[in-house]
Structure formats: C-alpha cells, structure tokens
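Thanks for making time for this. I will go through one complex, and the model should be on the screen in a moment.

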Amino acid sequence: MLRFILTRIALVVPTFIGILLLSFLLIRLVPGDPIEVRFGERGIAPERLAQLRAEMGLDQPLYVQFVDYLSHVARGDLGVSISTKNPVLSEFLALFPATVELGLCAMIFAILFGLPAGVLAAVKRGSIFDHALMSTSLTGFSMPIFWWGLLLILLFSVQLGWTPVSGRLAALYYIEPVTGFMLIDSLLSDEKGAFLSALRHLILPTIVLGTIPLAVVARMTRSSMLEVLNEDYIRTARAKGLSSFRVIGIHGLRNAMIPVVTVIGLQVGSLLGGAILTESIFAWPGVASWLIEAINRRDYPVLQGGVLLVASLVMLVNLAVDVLYGMLNPRIRR
Amino acid sequence: MPALLEIRGLTVEFATSRGTLRAVDHVDMDVAEGEVLGVVGESGSGKSVSMLALMGLLGSNAKLTADRLAFAGTDLLTLTPRQRRKLVGKDVAMIFQEPTTSLNPCFTVGFQIVEALKEHMGGTRKWRRDRAVELLTLVGIPDPGARLNAFPHQLSGGMNQRVMIAMAIACQPRLLIADEPTTALDVTIQAQILELLTRLQRQHNMAMVLITHDMAVVSETAQRVQVMYAGQLVETRSADELFTRPRHPYTAALLSSLPEHAERRARLATIPGLVPGIGDRPVGCLFSPRCAYATDRCRGERPALYRDPEGLARCFYPLDDSGRPEGVAA
Amino acid sequence: MSEAAATPTPQTEPVSAPLTPAREVWLHFRQNKGAMVGMYFIVCLVLTAILADVLAPHSPIVQFREALLVPPAWQEGGSWRFILGTDDIGRDILSRLIYGARLSMIIGFIVVFLSLGFGVVLGLTAAFARGTVEILIMRLMDIMLALPSLLLAIVIVAILGPGLFNAMIAVSIVSLPHFTRLARASAMSELTREYVSSARIAGAGTLRLMFRTVLPNCMAPLIVQATLGFSNAILDAAALGFLGLGAQPPTPEWGTMLAGSLQFVQRAWWVVTFPGLAILLTVLAFNLMGDGLRDALDPKLKR
C-alpha cells in the first residue's frame, strides 16, 4: 500500500514542475517589461530600471532565474501584491478558508443528494423518478452557474426574503477569525445568532456551486450502479438471502463507488472554476474573487502566486483521490 | 413422503423488445431428500432459468407462474420477500458458473463467507471465523486461515469455486443447486470439483440439483436425470436407464453426438438445426423441426409427457430398445 | 414414412436489407426524443443566427433613451415595441438575444474547429510517434488539465487582454487537452487493429496512415465530444463575458449581457432572466444532441 502511494506521488512530480514553470513564465508572457509588470508601474526611469533589473537578477539566463524563483517559492516567498503591498502567500492563506468552506459545503451537498438519487434511479430504472432525475441533472449541468445564482437570488432573496444577498455574515456581527471557517468560528464566539447568520449566508452559494457536481455525481452513480447491478456477484449476494438494502447498499455501492470517487475528485477542479463565478455573484471573500480582482487590477504577482497555489492544491486533491481509489479498489493496489 | 422440492407447471416468460419469450414452459420437477438430480440441456433450454425462478433471482421483467412450487412443504408462491430470504441461502443454496465474477471483488473471501453465516446463523464473531476456516478446510483449500484474507482475484478459478461451495454449504442447506459449476474450469479441476460436490452431498445427505450441458458430468454424479429442450421437460428417468435406454429422440441424439460414442473415422453426429427462439416456435412438438423421426402428427400437435415404466417422455413415438420409434420398422 | 410436408410454423421476423452505417446511426438517433428536440432547437438557432438582420426588430446596440428598463410586453408598463423589454441603457433585449445567437454560434464553431483540429493533430501525433514526443505532448496536456478550466482561461485572457477574440482563443486552448486525449486514446486502440498493419505493409506513409486510415475510425467519440465541446465553449465564453473578460460591451454576447446585472435583480428581472435562459436552452440542446449521438454511435463503438 505504501509503495502504491509513493508511486502515485512520483507520478505527480513532473506535473508539479510544469505548474511551477507555468507560473514562473506567467509574468514574462505578459506583454511589457517584466519589471514594470511586476511593480505595476509604467515609465520607470532607465537607471532605476537597470538597477532593479540587476537586483532582481533579470539579466541572468532564464534557467538561473527559474532556480532563483524556485528558491523563493521554497521559502514561501511568492511575491508582494501590487495593490495591497501584502505578501501574496499571507493574503492567500487569509482568504483560503472561505473558499474551502464554500467548496466543502458544496461537495457535501452534491454527494449527500446526488449519491442516493443516483442509486434510487438505478434501482428503479425506467421509472418516473429515473426520468425526472436524468432530465433535471442534464439541465443542472447545462446551467450557467452565474445565471443560476442570479436566479436563486431573485427568487429567495428578493422575492421571498429568506436568504441574504451577499457576504458570509450579517454586518452587525464581528467574529474573531480562529479557523477561518465561519461556521466553526461563529459557534466558538459568544455572539448569539452568528452561527445562524453564517448558515443562512452559506445556503445559496452552496446550492449554486454544488448544482453541477450534484448533477454529475447523480448521473455517474446511476450509470455505475446500473452496471454493477448486472454483475454476477450481486446475484450471488441475493442467493445468500441478504436483504435488498445490504445487497445494494453494501455489495452494490462499494463497487459502484469506485468510478464515482474518481469523478468526485475531478469535480474539485471544476469546483474551483465555479467558485470564481459564485464568489463573484455573492461577494464571497474567498480566493477566487481575489484572483479576479487581481486580473482586473493587473496585479500580476497575486495572479502568479495564486495560480501556483491553486494548481498545486488541485493536484494534491487529485493525488488524494488516486490514493482513495486505490484503497477502495483492491485490484489496482498491487 | 412428500418430495423435498415439488414443482408443477412452472412457466417463466420474459418481456423483451421483440415480444414475449417463454423461457420455461410448464416444467415439473421433483427432488427427494438426499437425491442428486441432473438437469441437462443446450443453452436456451431453460434449465438455469427454472432454478433461478425457484430462488427468486429473476429480474423484474420476468413473469413467473406455477401450479405448485413448494420446498419442504412450504408454498414458495405465497411467501413474502422477507420470508423467502430466510429460506434462500440457508435451506436452499445455489452456486454459479463463473466463480471469480460471482464473488464480490471488493471484499475478502472470509468476509463473504462470514456474511452468509451472520445472516442466517448468528453466533459470535469468533465462532463465525472458526466456522469459516472449518468450511474452507472442508472444501479442500490449503492454508485456510491465511486464505480468509484473500481477495477473489488473488485466487484461481478452481479455488474460487471451492469458496463458493463453502459459502453455499455454510448454513447446512437441505438442497444445493449447482448451475454449471464446472463449465468455466479446467478439465483437471472439473473432476476435483465434481468429486468434492458428491462427497459433500453424501456426507451431509444434501439434495443436489446439478445443471449442466455436459452429459459426461451427469453420468458420473446424478441418480436421476431430467432432459430439457426449448423450455420444456422432454424426458426424465434414472441415470442408468437414460444412458442405456433413452426414450426421447432428443436425448438419443444428444448421446450419440458425444465424441465418445462416435465411430472411428466417421463424421461426428450432430443435431441439425437450432433451438427455437422468439419468432420461430413450432406449432407442434418443439423438437420436430430437428427430429429424424418427425411425422405430421408431431408437427401439428404438442405432445404431453407420457409415462412409461421407468419415467416420462414427451413424445408420441418414444424410442424402444432398439433405438427406433415404437411401431416403426427397422 | 412421413411426408416432407411444409411445416406450418409461424414465420420468423422478416429481415430487411442491411443498412448503411450512416442510416443506422440516424435511425437510432431518431428514436431519442430528447435528442431530436435538441436538434430542432439548434436548427432554429442557426437559422436565427443567419437571419438575425431580418428577424431582429431593432439594432442590438442602439440605445432608446426614452425607454430605459422597460418591462416585457405582457407586463404592466411594457410595450410590444420591445417584446422582451429593454436594459438599463435602453437597448432592446430581444434584438440583443438574436444577435447574441449569431455570436454564440460563431464562438462555438470557431472554438470547436480550433480545439478539435489541433487536438486531433496532437493526439494522432502522440499516438503514432510514441516515445519522447508522446510523453511531452501528454504531459503538457496533463499540466493544462491540472488547472481548473475557467482559471486557465482567465489566466490566458489576463495575458492576452480582454476581448471576444482572446476569449475564444483562451477557451480553445482550454478545450484542447480533452480532444487530444480522446484522439490519442482512440488512435492507440485502432493502431492495434489489423487493417492498420495491412495498410502499413501496403506502403502507406505515416501521414496518410494517420489521416486517411485511422482517423475516420476514431470519429465517433470525437463527434460526440465536439458536440459537447460546442456547449462548453458557449458556457465558458459566457462566463468570461460575465466576468468582464470576454466580449466587451456593447457586444451582445449573452454572458456579457449578464455582467453587472446583479444590481437589477430587484427592479428588472427580465434583464437577468432572458440572456441566461438563452444560454441554458442552447447548452441543453447541444447536450441532448450530444447524448443522443453518443447513444446512437455507441453500438458501433462497441463493435
């Protein structure tokens, strides 16, 4: 098992190097002088330009610069934001929990509803439920996320007034950020009603972000389950006199889950793309909206650092999914 | 004394996109306590489907009707699914053709055996584990303690079939249905598995229904034989009688097409034609299109099962001792 | 002795003449009602795009200063002059939607053309060349897939600058790995077949092998992916437009029409609803058709 994990990690290394290369080249790909791009200034005096260039080692050959960049990254120095003058890494770490909280809730939402729906649709194949599920899930991932968010806001926040329009917490509360997860922090603080406020703020963004994963998980579970239910070992399980619940829920699901886990892992990547749009609509103060701001403001150090961090995280999640897959499927472990 | 298994008039129909397929057509079957019954037939004869129907393992597109379907006096037709589950896997067990795919690849062999024990017998965890080891020893698996933690894909086909058998007999069933248990295995392993089955059958006085298309398998293991064709029961008598004096032309044709019976240097005898499918079910006797002795009566009228001194045969002109239909000159 | 009389057995089903593969696929496709609906919708959409100049009641960029935020015709305050209402600077929404259809079709077509074209070339090259070339290409694809697609598109647009054309390039690049992988996988499984070996022995050069011999047999999954790629292209371009990175105003791209519309959610629901609805229906139609194509082509895939 350990060897399996190590081989998987080894496979990921080239990709990681590629990501480092990409983020390194990012600033150099942008039209314009790298220094001006880096500092966000135009028309720097030539002597100052030359001085900065020497300081930053931009007169060195490219590979030397790359090594230099790597050493910076290893030390956690990802540059400084042009607009806020804060270190990129610390800004990222401050905003990251918000995105994670949203993403986690969305994923839980997707699995919580998608998995049983898919199983039910497979077991009751051809029924009304099955057809309804297939149509709604198809609609679900044909939906532009940003429009879905707007629609839900229109319905629930404006027309019905049940949910707030934006942000993570009602303005009248101030919560000390302990973990960065609003749900946990609001429970830890003694502000009454904060937790509920945090929860209410979380509902719509979770639904919006989780809709596409929900549709994908439901469909994948259904088709995987349909295949599994035709297998011989299901017949054997029934021949042993096991209850339907056990046959489907344990024998069936365990096997059906295997491709679903892979799909869930792949969804994490697209979840981040969706987070960009969701955070934008709901003014959710997370990493994704930070990146969009950076683009609009030409804050390239933030973009460079952000891309590196995000891509690395997605890579790690995919690695975790790979390992999980190996645990679930004994056949590929050897 | 009533038979352990009593089936009368079992009919199974499948709704397919091209029409209704009658896979089992008014089949009768009796199995006595401790008896070994062989069920032979080609693919499409309905031999497996009838047993799957008995176990309740058919899908929702199957329609099952019977005049009588009883096990040890209990009427299976009126059981609730929960009551049926108490019977299946405990008093009636079944093993299948492809042992490796019939076991769940995600769980260890030990887990799957213990699961059967837990469902029907209860007991403590230790007892179940010990019993699982005992069962694996019984079916001839070496180093059973270690094998409990093996996954099915780590074992050979023959070993997996042994595991299947262990799982099936775990709760001391009174009837074991073996659906082509050796077809997917190597020839050398086949003999071992068959020997194991007959030994277990004798030791526990377990009734056994052995489904196969291989006449050789039946000749060695069965006491009584049923021959099925196109969903119908066409002949049944004791094994000795069947092999020396078959009455139904189909049985005779089956026997003569065995390579062992072929004369040297002559072409192997075959039965011309194909088993009828959905669209081409004959009006008369189902075997008449392929029967060497078919008459107009055969082609126009469906024969019933006619009783003779040693058994039953579904034929208007059953074969006599010389192998020709009665009343037909040589 | 028995007579060799004709047996009165029921007739077997008549066997019709064998169908050409294309006809077979079409018949199978026709049975899928959803796919047919999708196809009809797309046909209507294409016609709308072509005939936009004729169909649209107004120009998409003209501002009617006296008619700001007019509700749709059936609501109070609306008029039949602006059937679906107007936006905050007085532009007719229906006309914008119609011209937006033309834009979406162009976007989808160009993106699919580029990513399919380059993807196929790269994938086939990887499958045929093997060795370092293959590893290089596939690793590059892996890196591109390591980033979430929208993020990668945003990064590319950040480098190139916002605008519809750059957005299309970005989306094409982002879709590239999918086609490359698919082409390579299909090609690799075809390469093991005998007809390839016999073509090689007959002296076919590599290029000819790649494009004339192997490619036609890989088309089925590529066609399905192309249909889905069309819908993804529209979605991604709309997302970029929404973020202000794609088509810039006053271009009537559906996503751009939704940019900054959050502020109108309370007083002008039609500004928010209709462009998104257009996107949804179009993407849905393509997905339905793609699903139907996949099912229809599947029995052939399994051959």
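In chain B, strand β1 (residues 5–16) is joined to β5(B) by 4 bridges, and the two run antiparallel. Two strands pair if DSSP finds at least two bridges between them. Opposite B:Ile7 stands B:Leu69 of β5(B).

This is a predicted model, in which local features need pLDDT of at least 70 and side-chain atom pairs count only at pLDDT 80 or more, while totals for chains, interfaces and linings use all residues. Residues are numbered from 1 along each chain as its sequence is written, and chains are lettered from A and ligands numbered from 1 in the order in which they are written.

Back to β5 of chain B, residues 68–71, where the side chains alternate. Buried means 20 or more other C-beta atoms within 10 Å of the residue's own, exposed means 12 or fewer, and partly exposed is in between, with C-beta atoms placed from the backbone. β5(B) also pairs with strand β6 (residues 74–75) of chain B, antiparallel, over 2 bridges. There B:Phe71 has B:Thr74 as its bridge partner. The two strands make a hairpin with 2 residues between them, and B:Ala72 in the turn has a positive phi of about 45°.

Next, the open sheet of chain B. It has 8 strands in the order β7-β8-β9-β3-β10-β11-β13-β12, with mixed pairing. β7 (92–95) and β12 (306–308) of chain B are the edge strands, each pairing on one side only. Within the sheet, β11 (residues 232–238) and β13 (residues 311–313) of chain B are antiparallel over 3 bridges, and B:Thr236 stands opposite B:Leu312.

What is in contact with B:Val209, leaving aside its neighbours within four places in sequence? The partners are B:Val31, B:Leu37, B:Val39, B:Met51, B:Ile177 and B:Ala178. Contact means that the C-beta atoms, placed from the backbone, lie within 7 Å.

Chain A is another matter: 13 helices and 0 strands. Of its 334 residues, 41% are buried. Residues 24 or more positions apart account for 71% of the chain A contacts with a separation of 6 or more. A:Val67, in helix α4 (residues 62–74) of chain A, is exposed because 12 other C-beta atoms lie within 10 Å.

Now the contact between chains C and A. It takes 34 residues from chain C and 35 residues from chain A. On the chain C side, α5 (131–146), α6 (149–160), α9 (206–242) and α11 (269–301) each give two or more residues. The largest share, 9 residues, comes from α11(C).

Last, confidence. The predictor gives the complex an ipTM of 0.84 and a pTM of 0.80. Where pLDDT is low, the predicted coordinates should not be read in detail.

Notes:
Two residues are in contact if their C-beta atoms, placed from the backbone, lie within 7 Å.
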